[in-house]
Amino acid sequence: MHRLQRRDFLYGMSASLGTVALNALLQAEEKSTPQPAHLKLEKPLEPRDPHIKARAKACIFLFMEGGPSHLDTFDPKPALEKLHLKEFLREDNQVSAMASGKRYYIKSPFKHKQAGESGISLCEHFSHLSDVADDLCVYHGLQAESINHPTACYHMNTGNRFGGDPAIGSWMTYGLGTENQNLPAFIVLPEVAYPQGGSANWSNGFLPAYFQGTALRSQGSPILDLNPPAHVTRETQRKNLDLLSQLNQADMQRHPHEQVLAARMESYELAFRMQAQVPDIINLDQETRQTQEMYGLGQPETDSFGRRCLLARKLVEEGVRFVQIYAAGWDSHDFLERSHKARIQAVDRPIAALLKDLKARGLLEDTLVVWTGEFGRSPDNGIRSGRQAAGRDHNAKGMVLWMAGGGVKAGHRIGATDEIGDHAVEVVNPIKNLHVTLEHIMGLDDNQLTYFHEGRFKVLSQTGGAVINELLG
């Protein structure tokens with residue numbers, strides 16, 4: 001039984017003079033409502049020209065879930081050495097215990113070094129990333145708006161702290177389409193456990209379902225049940241899909257304003273095409289032993305993230321527009337030295353390998369690589385379990401991210417936090433300006449990349465933003 005739509009009900013009323021007038025009004029409304037450009041395309045994911053000259057045509061987004069400490073990775077603060085364990089009372093009316101009460105300062109347990117000709121500061125445990133330091137544009141001026149993990153993750157990934165909006169990858173593929181019609185345009189490589197907030201971090205939101213992120217597993221079958229049973233041939237599948245398409249076409253003619261059915265049909269076709277291409281791409285055994293070792297495959301601490309970084313390189317090489325990789329475990333309220341050292345060592349070799357590999361293949365100049373978490377960490381900590389603990393609380397006022405490739409200002413440190421790393425003080429920008437900058441690098445104008453929803457044109461930045469020009473080369 002078909003679901004009865006409001007518009008179907010009104011159109012189906014008896015043809016009195018009143019309903020004739022109402023129908024005419026509704027039809028006029030439908031014609032006058034601005035329609036997104038992609039709805040006029042036969043293939044919503046076909047490649048489209050950017051609004052402006054693009055600096056990059058693909059993006060790999062490395063999301064360090066949990067909030068990596070800028071003070072212990074890329075933003076050393078010698079002033080904390082003298083303040084270490086000094087207690088103070090912060091009188092703050094905020095509800096969160098992380099912003100008020102008895103506090104004490106924590107110095108970094110790590111040494112920092114200057115790497116490359118640019119002299120960019122790195123934690124001592126970034127022993128491999130130091131080799132590519134001159135490719136990094138490290139930005140110290142970003143500020144978030146939330147210190148709660150789910151809302152902060154949603155904000156960084158979708159522009160909306162409360163979820164429900166399209167992810168960055170969804171906006172990118174909505175604006176640009178993709179170069180490979182046999183693979184999803186927006187691919188997500190999560191860990192076994194999804195990040196806080198779950199799959200809403202890569203949702204299509206109010207955009208049509210074509211632009212939903214597709215989560216792949218880096219080992220085993222990339223998507224469960226991707227391949228048919230052994231007794232079902234591709235010829236049989238093709239005939240089944242053709243029959244299903246014929247049956248669905250009649251329903252689409254009755255409900256032309258429905259997008260869900262068309263998107264579902266396309267997903268069936270895409271899955272059929274993926275069966276032929278995905279197994280080869282995800283088969284990392286085809287890579288040389290040297291490449292596998294470079295990414296840290298086979299090593300317990302780096303294998304999982306290394307596989308996903310190598311897969312990301314292969315995906316963008318095959319024309320995938322946006323790939324996002326998640327790495328959790330950065331929420332170090334306690335045992336900062338042990339936990340952050342382990343997390344750094346888990347991602348250091350694979351990320352360095354990814355940048356070297358992209359560069360060697362001539363892909364880095366056309367690929368934007370972004371490394372960030374949802375917020376930074378505080379220079380101080382609260383009394384936890386009745387004692388002092390060497391860790392850090394959440395901090396939305398100061399954080400660090402870096403970018404590489406895509407025409408960013410390589411080998412530069414942009415912006416700054418104050419002397420103890422509490423808050424950004426130079427080239428200060430909100431997350432929405434970062435989003436506008438990422439769009440700009442990919443050739444998209446936030447003011448033009450709009451979607452009409454709930455009576456207004458919506459954008460990734462929510463209310464508009466500005467490009468952070470200091471980051472661009």
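**A walk through the predicted model**

A search of the whole structure finds 18 aromatic pairs. Rings of Phe, Tyr and Trp (its six-membered ring) pair if their centres lie within 6.5 Å; planes under 30 degrees apart count as stacked, over 60 as edge-to-face and the rest as tilted. This is a predicted model, where local features need pLDDT of at least 70, side-chain atom pairs count only at pLDDT 80 or more, and totals for chains, interfaces and linings use all residues. Residues are numbered from 1 along each chain as its sequence is written, and side-chain values use heavy atoms, with hydrogens and water left out.

Phe88 and Tyr105 sit 4.7 Å centre to centre, with 25 degrees between the planes. Phe88 belongs to strand β2 (residues 87–90) and Tyr105 to strand β3 (residues 101–105), so the pair ties together parts that are 17 residues apart in sequence. Strands (E, at least two residues) and helices (H or I, at least four) are DSSP runs, numbered from the N terminus. Tyr105 has a relative accessible area of 16%, so Tyr105 is buried.

Tyr210 and Phe211 make an edge-to-face pair. Their centres are 6.1 Å apart, and their planes are at 65 degrees. Both Tyr210 and Phe211 are buried. Elsewhere, Phe61, Phe63, Phe186, Tyr194, Trp202, Phe322 and Tyr326 form one aromatic cluster.

Now to the nonpolar cores. Such a core is a set of buried Ala, Val, Leu, Ile, Met, Phe, Trp, Tyr and Cys residues joined through side-chain atoms within 4.5 Å. The largest has 52 residues. Which of them touch the most other members? They are Leu62, Leu129 and Trp402. Helix α10 (residues 336–360) gives the most to this core, with 8 residues. Another core, of 51 residues, lies apart from it, and includes Cys59, Leu142, Ile168 and Phe375.

Look at Leu62 in detail. Contact means heavy atoms within 4.5 Å. Leaving out residues up to four places away in sequence, Leu62 touches residues including Phe305, Ile325, Ile351, Trp402 and Thr372. Thr372 is part of strand β10 (residues 367–372). Its relative accessible area is 0%, so Thr372 is buried. With the neighbours up to four places away again left out, Thr372 touches Phe61, Leu62, Phe63, Met64, Met156, Met399 and Leu401.

Two packed helices are described by the angle between their axes and the distance between the axes. Axes are lines fitted to C-alpha atoms, for helices over the stretch in contact, and angles run from 0 to 180 degrees between N-to-C directions. Helix α4 (residues 149–158) packs against helix α11 (residues 431–441) at about 30 degrees, with the axes 9 Å apart. The two are therefore roughly parallel to each other (under 35 degrees; over 145 is roughly antiparallel, 65 to 115 roughly perpendicular and the rest oblique). His155, Met156 and Thr158 in α4 meet Ile431, Leu434 and His435 in α11.

Finally, check the backbone. Most residues other than glycine have a negative phi. Phe335 has a positive phi, near 50 degrees. Phe335 is placed in the loop between β9 (322–327) and α10. Gln462 also has a positive phi, of about 75 degrees. Gln462 lies in the segment after β20 (456–458).

Note on methods:
Buried < 20%, exposed > 50% of the residue type's maximum accessible area, 1.4 Å probe, protein only.
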